[in-house]
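Subject: Structure handover

Hello,

Here is the structure I said I would pass on. My notes on what was found in it follow below.

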Amino acid sequence: MLTILHTADLHLGHISRQLDAETARKLARARLGAVDTILGLAQQYDVRAIICAGDIFDSPQPEQDWWRGLAAAFTRNTGWHCPVILLPGNHDPLIRESVYERGHAFRRALPLWVHVVDRDDFELELGPDAVLYAQPCRSTAGADDPALALPDRIAGDERVRIGVVHGSAFDLPGCQTNFPIARDATLRRGLDYLAIGDWHGFRVMPENGVAPMVYPGAPEPTNFKEPDAGHVAIVNFRGPGVAPRIRKERVARWTWRDETVNNIFELRKLATEDLSTTILRLHLQMTASIQENDEIAGILRSLAGTLASHGRAAALVVDSKRLSIEASPAESNFEDVPDTIREVAAALKEQAAGSEKARRALVVLYRMLNEVR
């Protein structure tokens with residue numbers, strides 16, 4: 001039985017702009033650390049090859065810390081001998097002075113068993129019973145189908161045939177298709193499996209198909225809009241024309257989570273969860289009293305951490321645009337205060353739904369009035 005590990009979209013060198021600088025660097029390092037996890041998993045399953053289907057780097061000319069780090073991850077595995085195939089994608093295309101050029105120091109640092117797809121007719125035998133074909137991206141965008149550029153099966157070829165490309169195998173609402181891949185590309189080219197990169201979530205098309213097209217997803221997510229990211233595909237082939245067995249294996253350390261809470265009870269429950277490896281974007285879509293607002297502030301401090309304490313979440317992004325303050329009857333009973341102050345309170349209350357400053361000012365005003373009442 002032939003087994004391969006299929007991954008893609010490591011995006012080494014990507015620094016998230018959605019997070020603070022320290023957290024963004026930590027997650028960037030985790031993407032490089034995922035390489036060791038992937039190599040360990042490949043050894044566990046005794047795979048015959050590791051396929052990296054594009055966007056290994058976030059750009060064609062990454063800073064040397066990233067390409068040196070990747071080369072070092074490979075060379076540390078001295079007992080490894082099976083091929084690793086690196087395909088240039090649309091983020092790191094095979095262009096002049098790219099990290100994939102034959103004269104680049106990255107290429108010289110790679111072990112002999114690491115193969116860069118640096119030509120359009122790339123072909124690699126994976127033993128007597130299997131062969132791999134690949135087509136690199138040579139630009140950041142294109143309208144040609146890279147899968148249909150792969151060679152067709154010739155009469156009498158009874159090997160398992162694996163294609164490796166980077167592109168879009170389905171349309172996304174509002175997005176322009178980049179390097180479109182025909183849904184019947186595997187049938188038209190006589191492939192048993194098409195390894196694709198580009199989409200960051202795990203996806204098999206069609207499910208249980210005899211010759212599927214597969215996105216393994218990004219090993220480490222890069223943002224909040226990547227459902228089912230954080231995996232690789234372990235693929236077992238039993239022969240040509242037989243549907244391969246595809247196993248989804250999680251390798252990500254971090255989970256990116258978008259969560260909306262509608263009341264203080266949901267927020268309290270969320271705060272009890274283990275969020276130590278969670279990048280949490282929290283939407284506060286609720287109305288709170290002044291007392292509850294104080295509790296909310298305390299929960300957010302515990303999630304985010306302070307100078308003196310670690311946060312319960314690995315990282316926290318708060319959206320409070322829909323948090324409004326509605327004082328309880330006891331908190332807002334200001335019949336004996338001047339009209340001007342009541343007017344100021346009413347104006348702040350009206351603005352608080354869309355302004356953090358107005359919300360804070362309203363809370364301060366309520367507290368001051370309660371103290372002097």
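Leaving aside its neighbours within four places in sequence, which residues is Phe 106 in contact with? Those residues are Phe 57, Trp 67, Leu 70, Ala 71, Leu 86, Val 99 and Tyr 100. Please keep in mind throughout that this is a predicted model.

The nonpolar cores

Phe 106 belongs to the largest nonpolar core, which has 36 residues. Together with Phe 57 and Phe 74, Phe 106 touches the most other members of that core. Two or more residues each come from α1 (21-44), β2 (49-52), α2 (64-76), β3 (84-86), β4 (114-116) and β11 (231-237). The largest share is that of α1, with seven residues. Another core, of 26 residues, lies apart from this one; Ala 8, Leu 126, Tyr 193 and Phe 237 are among its members. As background, nonpolar side chains in soluble globular proteins tend to be buried together.

Aromatic pairs

The whole structure contains seven aromatic pairs. One of them joins Phe 57 and Phe 106 edge-to-face, with 5.5 Å from centre to centre and 85° between the planes. This pair links distant parts of the chain: Phe 57 is in the loop between β2 and α2, Phe 106 is in helix α3 (residues 105-109), and 49 residues separate them. Phe 57 is buried, at 0% relative accessibility, and Phe 106 is buried at 0% as well.

Trp 67 and Phe 106 also form an edge-to-face pair, at 6.4 Å centre to centre and with 70° between the planes. Because Trp 67 lies in helix α2 and Phe 106 in helix α3, this pair ties together parts that are 39 residues apart in sequence. Trp 67 is buried, with a relative accessible area of 6%. Ring pairs join Phe 57, Trp 67, Tyr 100 and Phe 106 into a cluster.

Salt bridges

How many salt bridges does the structure hold? There are 18. In general, side chains of opposite charge can pair when their charged atoms come close.

Arg 153 is in the loop between β6 (130-134) and β7 (160-166), and Asp 192 is in the loop between α4 (185-188) and β8 (193-197), so the bridge ties together parts that are 39 residues apart in sequence. Its two ends are placed as follows: Arg 153 is partly exposed, at 26% relative accessible area, whereas Asp 192 is buried, at 3%.

Asp 157 and Arg 159 form another salt bridge, at 3.0 Å from N to O. Asp 157 is buried, with a relative accessible area of 10%, and Arg 159 is buried at 19%. Both residues belong to a network of salt bridges that also includes Glu 125 and Arg 161.

In the salt bridge between Asp 121 and Arg 119, the closest N and O atoms are 3.2 Å apart. Here Asp 121 is exposed, at 56% relative accessibility, and Arg 119 is partly exposed, at 32%.

Cysteines

The structure holds zero disulfides. Cys 52 is buried, at 8% relative accessibility, and Cys 82 is buried, with a relative accessible area of 12%.

Backbone points to check

Most residues other than glycine have a negative phi, and most peptide bonds are trans. The model has some exceptions, as listed here.

- The peptide bond from Met 205 to Pro 206 is cis, with omega near -15°. Pro 206 is in the loop between β9 (203-205) and β10 (213-215).
- Asp 55 is not a glycine, yet its phi is positive, near 55°. Asp 55 sits in the loop between β2 and α2 and is buried, with a relative accessible area of 1%.
- Phe 179 has a positive phi of about 50°, and is not a glycine either. Phe 179 is in the loop between β7 and α4 and is buried, at 10% relative accessible area.

Regards

Terms used:
Residues are numbered from 1 along each chain as its sequence is written. This is a predicted model: local features need pLDDT of at least 70, side-chain atom pairs count only at pLDDT 80 or more; totals for chains, interfaces and linings use all residues. Side-chain values use heavy atoms; hydrogens and water are left out. A nonpolar core is a set of buried Ala, Val, Leu, Ile, Met, Phe, Trp, Tyr and Cys residues joined through side-chain atoms within 4.5 Å. Buried means under 20% relative accessible area, exposed over 50%, partly exposed in between (1.4 Å probe, protein chains only). Helices (H or I, at least four residues) and strands (E, at least two) are DSSP runs, numbered from the N terminus. Contact means heavy atoms within 4.5 Å. A salt bridge is a side-chain nitrogen of Lys or Arg within 4 Å of a carboxyl oxygen of Asp or Glu. A disulfide is a pair of cysteine sulfur atoms within 2.5 Å. Rings of Phe, Tyr and Trp (its six-membered ring) pair if their centres lie within 6.5 Å; planes under 30 degrees apart count as stacked, over 60 as edge-to-face and the rest as tilted.
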